[in-house]
Amino acid sequence: MSKAGIDIHNLPYADGDFFAFEQLLSAKERDRLAEVREFLAREVKPIAVDCWNRAEFPMGLIPKLAEIDLVSPVKRQGYSNLFAGILHAEATRADTSIATFMGVHDGLFTGSIEALASQEQQDAWLPDIYSLKKIGAFGLTEPLGGSDVAGGTRTTARREGDRWILNGAKRWIGNATFSDWVVIYARDVDDNQVKGFLVDTKTEGYRATKIENKISLRTVQNADITLDNVVVPDFFKLANANSFRDTNKVLKVTRLAVAWQAVGQQLAAFDVARRYAVERTQFGRPIASFQLIQNQLVQILGNAVSSMGMMVRLSQLEDSGEAKDEQSALAKAFTTARMRESVALGRSILGGNGIVTDFEMAKVFADAEAIYSYEGTHEINTLVTGRAITGISAIV
């Protein structure tokens with residue numbers, strides 16, 4: 001109970017799903033979502049702020065994540081893209097860093113293997129990937145290449161007989177300080193096409209160095225990777241990763257997942273801000289009783305609901321095989337812009353307490369900045385959408 005006598009554990013619309021989008025899930029999916037929510041509340045939420053403050057990844061959580069079996073809910077487990085999206089939003093709502101860990105391992109890394117490896121390669125690699133016996137990372141972004149990496153990949157691959165030699169550098173690679181494998185995208189010097197390789201992180205010439213001093217996703221272990229004459233057997237060249245167009249097959253789906261993260265981040269801001277508004281007393285009454293506070297809370301909720309509505313429809317299009325790149329781009333741009341506004345409003349509601357992680361909102365506020373930038377910046381995704389509706393590219 002709050003000081004005002006309001007049961008803070010039984011507030012209306014506890015799940016934040018104001019328009020009941022979850023009713024679109026099957027009964028099996030709703031049961032599974034409830035199971036995962038209980039797991040996140042029990043195993044993730046209690047440790048999230050402490051891990052973030054210390055910038056340390058809770059390695060002991062990995063066996064628990066393996067036990068609850070979250071990897072590849074669509075292709076392996078047969079759930080809908082709508083369920084997978086809502087699940088990712090819920091993981092983000094609990095902790096953006098753990099959701100990002102799963103997004104890297106499951107979406108980017110596992111997605112690369114599922115989409116671009118041969119059947120023989122998948123049979124050899126996926127069992128350990130699905131069970132989290134092997135942790136994966138995704139190496140695309142480079143120190144001098146972010147938005148332009150599609151046509152400007154500087155990491156090179158040179159074939160020598162039945163092996164490939166990789167040289168170059170990657171940056172911002174999540175999970176890379178402790179991953180067992182990493183998919184590296186490199187430009188083949190013979191045909192100038194971007195190709196994908198599964199690299200064992202114990203290989204000579206491979207080095208990953210943790211990026212320090214982050215203000216966002218501090219629990220995620222991002223790294224700078226250097227590749228100095230790293231030898232990769234030909235079997236570990238992804239059979240169907242032969243151009244950046246192939247790589248983009250993975251990015252289209254994971255961009256959708258990041259937009260779902262923006263939904264989860266807004267729901268987290270709503271959770272923290274609403275609870276604080278009910279508990280915090282000023283002028284002898286809860287601040288939730290003041291009109292301006294209610295207006296801010298409703299704006300956060302409206303942003304979250306509009307973002308979720310867009311994502312529900314896009315996930316349905318993905319389920320039917322009709323989703324387009326520009327739709328994922330618009331979703332990523334729109335939802336992250338609404339997210340930025342939502343977390344700022346949430347931080348404002350908490351006043352000075354909104355800048356310390358003790359009250360969680362500071363973590364929610366800071367983590368939003370990473371979501372806003374990764375998987376294509378707001379600006380690039382806007383221009384991809386603009387190109388689709390005008391037929392004219394504004395990207396140099």
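Mentor: Let's start with a rule: a helix is a DSSP run of H or I with at least four residues, and a strand is a run of E with at least two, both numbered from the N terminus. This is a predicted model, and by that rule the protein has eleven helices and nine strands.

Trainee: What would the radius of gyration be for a compact globule of 396 residues, and what does the protein have?

Mentor: The rule is 2.2 Å times the number of residues to the power 0.38. For 396 residues that puts a compact globule near 21 Å, and the protein has 21 Å, so the two agree. The C-alpha atoms fill a box of roughly 75 × 50 × 40 Å along the principal axes.

Trainee: How do you know what span to expect for helix α9, residues 325–349?

Mentor: The expected span is 1.5 Å times one less than the number of residues. With 25 residues, α9 should therefore span 36 Å, and its end C-alpha atoms are 36 Å apart, which agrees. After α9 comes glycine 351, with a positive phi near 55°.

Trainee: What do the UniProt domain annotations cover, and what is the helix content there?

Mentor: The unreviewed UniProt entry places "domain: Acyl-CoA dehydrogenase/oxidase N-terminal" at residues 29–131. The chain over residues 29–131 is 79% helix and 0% strand, with its end C-alpha atoms 21 Å apart. The UniProt entry, again unreviewed, also gives "domain: Acyl-CoA dehydrogenase/oxidase C-terminal" for residues 246–389. That stretch, 246–389, is 78% helix and 3% strand, and its end C-alpha atoms are 23 Å apart. Bear in mind that such annotations may be inferred rather than shown by experiment.

Trainee: What makes β2 and β3 a pair?

Mentor: Two strands pair if DSSP finds at least two bridges between them. Strand β2 (residues 156–160) and strand β3 (residues 163–173) have five bridges, in the antiparallel sense, so by the cut-off of at least two they count as a pair. Glutamate 160 stands opposite arginine 163 in β3. The hairpin of β2 and β3 has two residues between the strands, and there glycine 161 takes a positive phi near 65°.

Trainee: And what joins β2 to strand β4?

Mentor: Two bridges join β2 to β4 (residues 181–188), and these strands run parallel. Alanine 157 stands opposite aspartate 188 in β4.

Trainee: Why is a space called a cavity, and how many are there of 30 Å³ or more?

Mentor: A space is a cavity if a 1.4 Å probe fits there but cannot get out. The count comes to two cavities of 30 Å³ or more. The largest holds about 40 Å³ of space, and its lining includes Asp15, Glu22, Arg93, Leu267 and Met308. Helix α3 (residues 81–94) gives the most to that lining, with four residues.

Trainee: Which classes do the residues lining the largest cavity fall into?

Mentor: They divide into four nonpolar, one polar and five charged. Gly counts as polar under the scheme, and Gly16 is among the lining residues.

Trainee: What about the second largest cavity?

Mentor: About 30 Å³ of space lies in the second largest cavity. Thr92, Arg93, Asp95, Gln265 and Lys363 are among its lining residues. Two or more of the lining residues come from each of α3, α7 (244–279) and α10 (361–373), and α3 has the largest share, three residues. By class, this lining has three nonpolar, three polar and four charged residues.

Definitions and conventions:
Residues numbered from 1 in each chain as written. Predicted model: local features only at pLDDT ≥ 70, side-chain atom pairs only at ≥ 80, totals over all residues. Heavy atoms only, no water. 1 Å grid on protein atoms, 1.4 Å probe; cavity = no way out; pocket = protein on both sides within 12 Å on 5 of 7 lines; lining within 4 Å. Points joined across faces, edges and corners; volume = space filled by probe spheres on them.
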